[in-house]
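Dear colleague,

I am handing over the structure below, together with an account of what was found in it. Please read the notes with the model open beside them.

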Amino acid sequence: MSIRFRLASCAVPTFLGFLLAGCASQALLDAAASTEKPDQDGLTRVASDVEAQGQIVAALPIYEQAAAASNDPKAQVRLGDAYTRAGKTDQAIKAYRAALAVAPDNPDALLGLGSALVKAGDADGAVVALAKAAPIVNTMTAYNRLGVAQTQTGQFAQAHQSFDAASALAPDDLDIRINVALAAALEGQETKAIDVARSVVTSPGAQARHRRNLMIVYGLLGLVDEGRAAAPKELSANERRNCSRARWRSAPSVMPRRAPRRSARS
């Protein structure tokens with residue numbers, strides 16, 4: 001069936017607003033005036049141009065047109081990415097799954113799906129998708145997202161390995177290194193957790209959130225006094241108490257609880 005370029009009816013008011021405001025891109029005007037069958041790449045360029053102007057809502061129908069105009073899973077992935085940027089997680093999941101129906105091992109679709117499932121609260125589903133994607137994509141982001149999903153499902157040893165892999169790819173990223181420390185604490189590896197967390201907070205780029213996470217590491221290990229001593233000065237008394245008593249709330253039955261210890265670590 002011949003598909004001509006048309007803006008969906010829901011985007012017409014926005015499109016007219018572009019014209020009236022005189023801020024429509026030339027690419028958008030040319031595409032709208034064209035009577036030829038559009039190709040996927042052309043539609044994608046138009047959608048990207050519209051989105052670049054800060055009009056993601058207006059761009060979505062064009063991404064949808066591009067996905068409908070082709071069986072290429074890349075178009076569905078781009079649509080899923082656009083939905084993600086627009087905060088439409090459920091629609092993003094559908095788009096990524098449509099891509100995987102055509103190409104089950106597409107790493108970008110797997111990564112997008114896993115990330116969206118984390119946002120949707122389906123950590124188990126996210127682990128399945130991200131565990132396939134991370135070794136293929138082999139980026140810090142992929143392994144970090146996998147580690148987050150594994151932590152949420154109580155797979156602390158696996159999360160620790162994923163964060164280690166992420167840190168190996170981005171050794172200077174303090175956020176990833178603090179995730180390594182947190183995962184090590186959740187797994188009960190006290191020495192590594194504290195050593196890594198301390199190395200982070202003494203780094204030149206360390207910020208208050210890193211010092212706060214050092215407190216959480218101590219709290220996870222049951223080192224209450226050490227956690228209080230490590231508290232950033234800007235924290236309130238209530239925040240200090242909460243951080244020093246940290247426990248992983250997503251899987252409390254899995255997280256081993258230790259009796260608080262008062263003695264300083266030797």
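**Salt bridges**

Asp175 and Arg209 meet through their side chains in a salt bridge, with a distance of 3.1 Å from N to O. The pair links distant parts of the chain, since Asp175 belongs to helix α11 (residues 174-187) and Arg209 to helix α13 (residues 208-220), 34 residues apart.

A search of the whole structure finds three salt bridges, and the remaining two can be described in the same way. Arg85 forms a salt bridge with Glu51, and the closest N and O atoms of this pair are 2.5 Å apart. Because Arg85 lies in helix α5 and Glu51 in helix α3 (residues 40-52), the pair ties together parts that are 34 residues apart in sequence. Arg85 itself is partly exposed, its relative accessible area being 49%, which lies just within the partly exposed class, given that exposed means over 50%.

Asp164 forms a salt bridge with Lys192, and here the closest N and O atoms are 2.9 Å apart. Asp164 is located in helix α10 (residues 156-169) and Lys192 in helix α12 (residues 190-201), so this pair ties together parts that are 28 residues apart in sequence. Asp164 is partly exposed, with a relative accessible area of 31%, and Lys192 is likewise partly exposed, with a relative accessible area of 27%.

**The chain and the confidence in it**

The protein chain has 15 helices and zero strands. Of its 266 residues, 45% count as buried. Among the contacts in the chain with a separation of 6 or more, residues 24 or more positions apart account for 50%.

The mean pLDDT of the chain is 79, and 72% of its residues reach 70 or more. Over residues 31-37, however, the pLDDT is below 50, and this stretch has seven contacts in the model beyond near neighbours in sequence. The pLDDT is also below 50 over residues 247-266, a stretch that has 44 contacts in the model beyond near neighbours in sequence. Where pLDDT is low, the predicted coordinates should not be read in detail.

**The second largest pocket**

The second largest pocket has a volume of about 260 Å³. Its lining is made up of 16 residues, of which Thr84, Gly112, Ser115, Ala116 and Arg145 lie nearest the centre of the pocket. Four helices, α5 (73-85), α6 (89-102), α7 (107-120) and α9, each supply at least two residues of this lining, and α7 gives the most, with seven residues. By residue type, the lining divides into seven nonpolar, five polar and four charged residues.

Which residues does Asn144 touch, leaving aside its neighbours within four places in sequence? Asn144 lies in helix α9 (residues 140-152), and with those neighbours set aside it is in contact with Phe163, Ala166, Ile176 and Asn179. Asn144 is buried, because its relative accessible area of 17% falls under the 20% cut-off.

Asn138 lies in the loop between α8 (123-137) and α9. Although Asn138 is not a glycine, it has a positive phi of about 55°, a point that may be looked at in the model. Asn138 is partly exposed, with a relative accessible area of 43%.

**Asp172**

Is Asp172 buried or exposed? Asp172 is found in the loop between α10 and α11, and at 71% relative accessibility it counts as exposed. Asp172 and Val200 are 28 residues apart in sequence, and their C-alpha atoms are 9.6 Å apart in space.

With best regards

Methods. Residues numbered from 1 in each chain as written. Predicted model: local features only at pLDDT ≥ 70, side-chain atom pairs only at ≥ 80, totals over all residues. Heavy atoms only, no water. Buried < 20%, exposed > 50% of the residue type's maximum accessible area, 1.4 Å probe, protein only. Contact = heavy atoms within 4.5 Å. 1 Å grid on protein atoms, 1.4 Å probe; cavity = no way out; pocket = protein on both sides within 12 Å on 5 of 7 lines; lining within 4 Å. Points joined across faces, edges and corners; volume = space filled by probe spheres on them. Nonpolar A, V, L, I, M, F, W, Y, C, P; charged D, E, K, R; others polar. Salt bridge = Lys/Arg side-chain N within 4 Å of Asp/Glu carboxyl O. pLDDT = per-residue confidence, 0-100.
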